Amino acid sequence: MNGHRRAPARESRSGGRVLQIALPILALAIGVAAWDAVVRINAIPAYILPGPGLVGQTLVADWSVLGPSLLVTLRTTFEGFLLALAGGIGLAILFNQSRLVEYSFYPYAVILQVTPVVAIAPLLLIYLSPDSAVLVCAWIVAFFPVLANTTLGLNSVDRNLADLFRLYGASRWQMLRDLKLPSALPYILGGMKIAGGLSLIGAVVAEIAAGSAGAGSGLAYRIAESGYRLNIPRMFAALLLLSAAGIAIFAALSLLSHLVLRRWHESAVQGEG
């Protein structure tokens, strides 16, 4: 009886997963078809709006230029993300261990976050090399979500469990290692998913600023360069690569979160259940 009851539930969940995959693909296909139809029916010139077919051809034809630029942008994004991860988690742990440090420095982290990176990038380009300025921008944008989420997770530990650890004489290090960090892991992974995309945004903004100054080699620089030369098909192709990179980063971090949490955390267990 139980087996018969579970089978329809499994089929329902399987059907739901198929819809989750099929519907976005269908919507994308409809959107691309509408885009192509608008271009063809209205005979829109390629320098105003290229069709999807021309964008695909440009992506293949200009891959020798766009491919290396994509690698430059991804390298900067990855480095900025790792720096944000190390700095955000490390500083959050320090905040958790010392309220004095948190009250002293957390407001400056907020100020750093709310200051638009597009305003910071030109200033950094004055004092740093283009590559270093782009990396710093990627770090600035990605840093705060990791710091804020990790701090929230470390401060949201169950008080009863914390009292139990103290009752058994656990040291501050033991409580941090065995209680606070495992409890904060879902928050940390959530911050990582946000920071991954934001590090790409920071790198792109800084690369565009560097391109305006006549320097740079990343994918965003190719977008700015294509705009100056009215090479709109290449601009669309570069934008398509950036979108694909952002989707890939989010998907990879979502998969990591699922693999880490699926055995014990409610958000992942319910998703599987």
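Trainee: How many cavities of 30 Å³ or more does the count give?

Mentor: A cavity is a set of points on a 1 Å grid over the protein atoms alone where a 1.4 Å probe fits but cannot get out; points are joined across faces, edges and corners, and the volume is the space filled by probe spheres set on them. By this rule, there is one cavity of 30 Å³ or more, and the largest cavity has a volume of about 80 Å³. The model is predicted: local features need pLDDT of at least 70 and side-chain atom pairs 80 or more, while totals for chains, interfaces and linings use all residues. Residues are numbered from 1 along each chain as its sequence is written, and side-chain values use heavy atoms, without hydrogens and water.

Trainee: Which residues lie nearest the centre of the largest cavity?

Mentor: Lining residues have an atom within 4 Å of a point. Eleven residues line the largest cavity, with Val72, Asp131, Val134, Glu207 and Ser217 nearest its centre. Two or more lining residues come from each of α3 (63-97), α6 and α8 (172-212), the helices being DSSP runs of H or I with at least four residues, numbered from the N terminus. The lining comprises four nonpolar, four polar and three charged residues; Ala, Val, Leu, Ile, Met, Phe, Trp, Tyr, Cys and Pro count as nonpolar, Asp, Glu, Lys and Arg as charged, and the others, including Gly, as polar.

Trainee: At what angle do α3 and α6 cross?

Mentor: Axes are fitted to C-alpha atoms over the stretch in contact, and angles between N-to-C directions run from 0 to 180 degrees. The axes of α3 and α6 cross at roughly 35 degrees and come within 7 Å. Their crossing is right-handed, that is, the near helix is turned clockwise from the far one by less than a right angle. The contact (heavy atoms within 4.5 Å) of α3 with α6 involves 17 nonpolar, eight polar and one charged residue.

Trainee: How are α5 and α6 arranged relative to each other?

Mentor: Helix α5 (residues 117-127) packs on helix α6 (residues 130-155) at about 150 degrees, with axes 9 Å apart. The two are therefore roughly antiparallel, a class for angles over 145 degrees. Val117, Ile120, Ala121, Leu124 and Leu125 of α5 make the contact with residues of α6 including Pro130, Ala133 and Val136.

Terms used:
Parallel < 35°, antiparallel > 145°, perpendicular 65-115°, else oblique. 1 Å grid on protein atoms, 1.4 Å probe; cavity = no way out; pocket = protein on both sides within 12 Å on 5 of 7 lines; lining within 4 Å.
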